Amino acid sequence: MAAHSRGPRDRLVASLRGIFGDRLRSVVAYSLDRTESLSCLALVGSLTTADLEACAARAHGWQREGIATPLILPEEEFLRSLDAFPLEYAEIIRAHEALFGASPFDAVRIERADLRRACETQIKSHLVHLREGFIEAGGTPRPIADLVTASAPAFGALLRNIAQLNGSTASDRAASTRDGARAAQIPDGVVTDILALEQPSALKSTDAARLFPEYLAAVEQLARYVDSWNV
């Protein structure tokens, strides 16, 4: 979390304490990428319209300091929504830093069955998106390249989700991605090529278009893997 300076984080916590007072239970930061805005989860005892208005008045100031709008949830609502958003919360749990209060995750358990179901939904949605996008591209290299490039970050996220499903404890983004690829037996070459597209100048558009068959095969393999996964 050293990528983000201490000052903005301290000021965010101070702002939230000013709004919620004793109702602020905990604040954790979970954006570890130097290029991203700082993302935080704040759990509170209760959340009212007046609280939202107070946060809205501070939103522009947070944005100027590189702080994304914090995810603010009543503590009980958070605990009851673990089954609805298992991947999202598992990612926060995997790599976070406590900024205020006790850790909200000490007694939290995300069920593997919920993780598997969420992985299946995301992987198969991604697969449908790739197939439809390819058809819509009409065989033209540039739109196909744009499809491959634009979806590369989501592919990485799918692999990290598989890593979560298999209990990977890697906090490093790249290590977690590789853990997921190994578990699903995705070839190293296609993983390296697709993830390289997250860098804007990594490949020429025609090169990206040529990756599509291997990329599609990798996502199809992910779908087969998650279908056969057992606790």
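Figure 1. The protein chain has ten helices and four strands, and what you're looking at is a predicted model. If you start at the N terminus and walk along, the elements come in the order α-β-β-α-β-α-α-β-α-α-α-α-α-α. How far does the C-alpha trace span along its principal axes? About 55 × 40 × 30 Å. Of the 231 residues in the chain, 43% are buried. Now take the contacts between residues at least 6 apart in sequence: 72% of them join residues at least 24 apart.

**Figure 2. The four-stranded sheet.** Here the strands sit side by side in the order β3-β2-β1-β4, forming an open sheet with mixed pairing. Which strands stand at the edges? They are β3 (71-74) and β4, and each has a single partner strand, so one side of each is left without a neighbour in the sheet. From one strand to the next, the twist averages 15°.

**Figure 3. Strand β1 and its two partners.** Zoom in on β1, residues 24-29. On one hand, β1 is joined to β2 (residues 40-44) by five bridges, and the two run antiparallel. Look for Val-27 in this pair: its bridge partner in β2 is Ala-42. On the other hand, four bridges tie β1 to β4 (residues 97-101), again with the strands antiparallel. Find Val-28 here, standing opposite Ala-98 of β4. Is β1 enclosed or open? Five of its six residues are buried, so β1 is largely enclosed by the rest of the structure.

Figure 4. The pairing of β2 with β3 is parallel, and four bridges hold the two together. Ala-42 turns up again in this view, as the bridge partner of Ile-72 in β3.

**Figure 5. Helices α5 and α10 side by side.** This view pairs α5 (residues 112-137) with α10 (residues 212-228), whose axes come within 9 Å and cross at roughly 155°. How are the two helices oriented to each other? An angle over 145° counts as roughly antiparallel, and α5 and α10 are therefore roughly antiparallel to each other. The crossing of α5 past α10 is left-handed. Residues from α5 that take part include Cys-119, Ile-123, Leu-127 and Phe-134, and they meet a set in α10 that includes Phe-212, Leu-216, Val-219 and Val-226. Sort the residues of this contact by type and you get twelve nonpolar, one polar and six charged.

**Figure 6. Ser-151, tucked into α6.** Ser-151 belongs to helix α6, residues 141-165. Is Ser-151 buried or exposed? With a relative accessible area of 5%, Ser-151 is buried, because anything under 20% counts as buried. Setting aside neighbours within four places in sequence, Ser-151 touches His-126, Leu-130 and Tyr-215.

**Figure 7. Where α6 meets α7.** These two helices pack at an angle of about 75°, with their axes 7 Å apart. That makes α6 roughly perpendicular to α7. Among the residues making the contact are Gly-156, Leu-159 and Ile-162 of α6, along with Arg-173, Thr-177 and Ala-181 of α7. By type, the contact of α6 with α7 divides into five nonpolar, four polar and three charged residues.

**Figure 8. Gln-185 and its backbone angle.** Most residues other than glycine have a negative phi. Gln-185 is not a glycine, yet its phi is positive, about 60°. Where does Gln-185 sit? Look in the loop between α7 (173-183) and α8 (188-196). Gln-185 is exposed, with a relative accessible area of 64%.

Notes. Residues numbered from 1 in each chain as written. Predicted model: local features only at pLDDT ≥ 70, side-chain atom pairs only at ≥ 80, totals over all residues. Heavy atoms only, no water. Axes fitted to C-alpha atoms, helices over the stretch in contact; angles between N-to-C directions. Parallel < 35°, antiparallel > 145°, perpendicular 65-115°, else oblique. Left-handed = near helix turned anticlockwise from the far one by under 90°. Contact = heavy atoms within 4.5 Å. Nonpolar A, V, L, I, M, F, W, Y, C, P; charged D, E, K, R; others polar. Buried < 20%, exposed > 50% of the residue type's maximum accessible area, 1.4 Å probe, protein only. Pairing = 2+ DSSP bridges.
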